[in-house]
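Subject: Handover of a structure and notes on it

Dear colleague,

My notes on what was found in it follow.

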Amino acid sequence: MTSRTIRLDVNGVSRSVTVEPRRTLADVLREELALTGTHVGCEHGVCGACTVLWNGEPVRACLLFAIQLDGASLTTVEGLADGERLHPIQEAFWATHGLQCGFCTPGLLLTAKALLDENPNPDETEIREAISGNLCRCTGYHFIVQAIRAASRLRTST
Amino acid sequence: MGAKYFGAAVRRREDPRFLRGEGRFVDDVTLPGLLHAAFLRSPHAHARVRSIDATRARGMPGVVAVFAHADLGRWMKPLPVFGATPPGLAAAVRFDVRHAAQWALCKDVARHVGEIAAMVVADSRARAEDAAEAIDVAWEPLPAVADMVAASEPGAALVHPEWSTNVAVGFTHGIGDAERALAGADVVLEETFRIQRYVGMPLETRGVVALWDRRDGTLTTWNSTQVSHFVQQGLVGALELPPHKIRVIAPDLGGGFGTKASGYPEDVLVPLAARVLNRPVKWIEDRREHMMAAAHARHQTHTIRLGARRDGTILGLADRIFLDLGAYNVWGIVLPYNTVAHLIGPYRIRDMKVDVKGVVTNKTPNAPYRGAGRPETVFAMDRAVDCLARRLGIDPAEIRRKNYIRPDELPWDFGMPYRDGNPLVYDSGDFPAALEAALDAAGYDAFRREQPTLRARGVWRGIGISGYVEGTAIGPFEGAHVKLDLTGRVQVATGAVNSGQGHETAFAQVAADTLGVPLDWVTVTGGDTAAVPFGVGTFASRSGVTAGNSIADAAREVRGKLVAAAATLLEAAPDDVEIDDGKAFVRGAPGSAVDLGKVVQASIPTFAKPGVAPPDFEASAYHHVPTVTYASAVHVAQVEVDRGTGYVRLLRYVVAHDCGKVINPTIVEGQVHGGVAQGVGGALFEEMAYDSEGQLLTGTLMDYLVPSATDLPPIDTVHLEYPSPRNPLGMKGLGEGGAISPPAAIANAIDDALSPLGVRITETPASPARVLASIETARA
């Protein structure tokens, strides 16, 4: 298969990668760019573990071919913290036990970021609706919902 | 031991790496020169392999090797089986158990969809998968059996013809005289309940990476497993190497739930490929493979007879139980006997008899999954109790009040063995207190008052109760090793694997308290066979109790060594030396305090003199537990049923539970929530469905419905604490409990909601179609 070279802005850094057309964005993030925080849970767009932000919108990295994204600006979980300082959403997930095995966590953090960027003060129903495309098998979502509410308070108070 | 950390809601120490996306799951392990494996799997439920032609595949770009059974014949041995019957159990129950060889690469016959026919190794996963599609297999389909009850009958097609039957585990068992008790009952309820096939479905699939080092003949393998020492044992046989030449490392696990505690073909095949090709090899299961070939679970049929007096006093119980084991009897008596040992639960029943058949079918093999027989048996029992209550006109809460074993009746001796062969004796707890706590938290009485008004408005709401008593923390032991480095910092290693339960935090809490050091001095690793020679693994709600007590024992021994060394250093009697906050000091003389690092350093010999003590600040422990310890809970679910569509909305969920002494209450609560979520999945959504020919119908997460955030309500948890007398830390197991009662509680709530219609839910999941059908049946 003919490979093509594309340019991606990932977490504010411009990267150039040569990819086979059949490689998904998840493959390229994980294997070409060594950003293994993007997890692949189902490879058919249901579980949401591979969620990243494309121009601020959550998308499934397993359902996109990397070559579709030439020139795109992406945020992955590795782009959330500010150096040693965790992002308020990460802090809130830590403080409220919003994760157990940590596999779905990157996708949920990014989905939560997209939600709070658009709606800084969501109620419980809005939170559950917003994360309903991200499966978590460990937590029963209870503490994840609390984490996102706490993050909302943290962000609006700072 | 001071309790500075034990019992505290400490923030989890493993979280920052997960929050930053810096965990290391098996797919994140990469090695120079890595090759990738892909598997060709049977598309048939039952078929003979006439021939395999890999000529085309071998010639494809990037392909390094293709292996069928004959190509690795020199290495092929039957896969390990689990669940040997312990002597104490074999003496009490006459089991008829059959096993058949399961090969990592199918030898001549595939017995379920997904069984491996060939392995391809190539320079990329995509090329390995391309080549797997180019292997030509001449399959000869054979008659398949898919229904467990039909499979048990004479004349059914046979999964393993050499047995002349499909019954792989058969036994009868009883206590007291059930038939006499039933004959003396005013009412005998008889009903058949069916629990579907549903599974752990960890969000991370399985995966194996293997590295063969020719230099010293060692094999290192990273495996997304809950049981690294079991994987090691399997490889000892397969690779013909001593255990110390095989290192199994469980990296970060993206969930396990039992699915990753079974033995699998790929555990052996990927290391074999690395050994034979002398190249590192990786295989990451895709979701489709996971659904067709990773262990399935549940799937039972109970025909239960429950006898009672008119006042609701339950007198006796008889149950005819079928379990669908899938194509191979991998787990022996484990699931069948677990089912029996948990049937009675919190009820005061002295007369019981069971007739049990574990049946093989042409489906994916079953293995224990969070609850392991308990959700099924509790569904049958608690549904039967509710049906009985309704027949007698007694409220479901009232019939439980009347029949739950009281705390003053503990210890309660069943007069039969538990699954580990030791006597089944409830050790501690208060089941009626859990019942009242759960009813209170759920607002049971208020709901009952409100229910008729709601019904009059066309709102069909119901409330359902289920309780269980669970044997947890099965032994015999877990391995732990504790050692100090030159600065007094602590490394704790255990055979227990962390798959999200917070081991790195909870076990550090135990070690820090026992040693007298700050929490952040402790590093915990789990599931590395090089760090602990003998281990068991994480399953059966066992790690907290078994590893926790082993870590405490080992840390206590190390503390003794520190005290002895510090006594010499401080020129004091050992009895006068205390350790706290990482310092040793003479009691009453805080000015004497020396850092533990100094104590270690003073023990190292110098050119001038020997150390103050041998510089041996490490210890291993393998704490033996006498038998399981009994955790218990009562769950209450509130639902609203849409009569038009059959859709069930879960409104509230309450859990009142006892897991003994708690290391970290936040982690405990999270475990309860997660268990409940999986139980709700089983109650309402999840099913691994097959057609009558054994073809899997649910191959994606679009077909197999894992609950999402909108499917679950907030979960209220009431913590009760009745310490276990069976281990020094007073703990009980916790991981599975949440998953046990939701199917029964929710089905009871649906029945309650629709009681004026006479609906009876006898089968899960209670999908809209099934609920509508039940309404239709009741109307007819």
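Helices and strands are DSSP runs numbered from the N terminus, a helix (H or I) having at least four residues and a strand (E) at least two. This is a predicted model, in which local features need pLDDT of at least 70 and side-chain atom pairs count only at pLDDT 80 or more, while totals for chains, interfaces and linings use all residues. Residues are numbered from 1 along each chain as its sequence is written, and chains are lettered from A and ligands numbered from 1 in the order in which they are written.

I begin with Val517(B), which is found in the loop between helix 15 and strand 22 (522-526) of chain B. A residue is buried if 20 or more other C-beta atoms lie within 10 Å of its own, exposed if 12 or fewer, and partly exposed in between, with C-beta atoms placed from the backbone. Val517(B) has 26 such neighbours inside 10 Å and therefore counts as buried. Two residues are in contact if their C-beta atoms, placed from the backbone, lie within 7 Å. Apart from neighbours within four places in sequence, Val517(B) is in contact with Val490(B), Ala512(B), Val522(B), Gly582(B) and Leu596(B).

Helix 15 (residues 503-515) of chain B packs against helix 16 of chain B at an angle of about 30°, their axes being 8 Å apart. Axes here are lines fitted to C-alpha atoms, for helices over the stretch in contact, and angles run from 0 to 180 degrees between N-to-C directions. The residues of this contact include Phe507(B) and Val510(B) of helix 15 and Ile551(B) and Ala555(B) of helix 16. They divide into 10 nonpolar, five polar and two charged. In this division Ala, Val, Leu, Ile, Met, Phe, Trp, Tyr, Cys and Pro count as nonpolar, Asp, Glu, Lys and Arg as charged, and the others, Gly among them, as polar.

Helix 16 (residues 543-570) of chain B has 28 residues and reaches 38 Å from its first C-alpha to its last, close to the 40 Å expected at 1.5 Å a residue; the expected span is 1.5 Å times one less than the number of residues. Of its 28 residues, 22 are buried. In the loop between strand 22 and helix 16 of chain B lies Ser541(B), which has a positive phi of about 50° although it is not a glycine. Just after helix 16, Glu571(B) takes a positive phi of about 55°. Most residues other than glycine have a negative phi, and most peptide bonds are trans.

The bond from Gly475(B) to Pro476(B) is cis, with omega near 0°, and Pro476(B) lies in the loop between strand 19 (460-472) and strand 20 (480-484) of chain B. The bond from Thr764(B) to Pro765(B) is also cis, with omega near -5°; Pro765(B) is in the loop between helix 19 and helix 20 (768-779) of chain B. In helix 19 (residues 742-753) of chain B, 12 of the 12 residues are buried.

Finally, the contact between the chains takes 41 residues from chain A and 41 residues from chain B. On the side of chain A that touches chain B, helix 2 of chain A gives the most, with four residues. By class, that side has 21 nonpolar, 14 polar and six charged residues.

Yours sincerely
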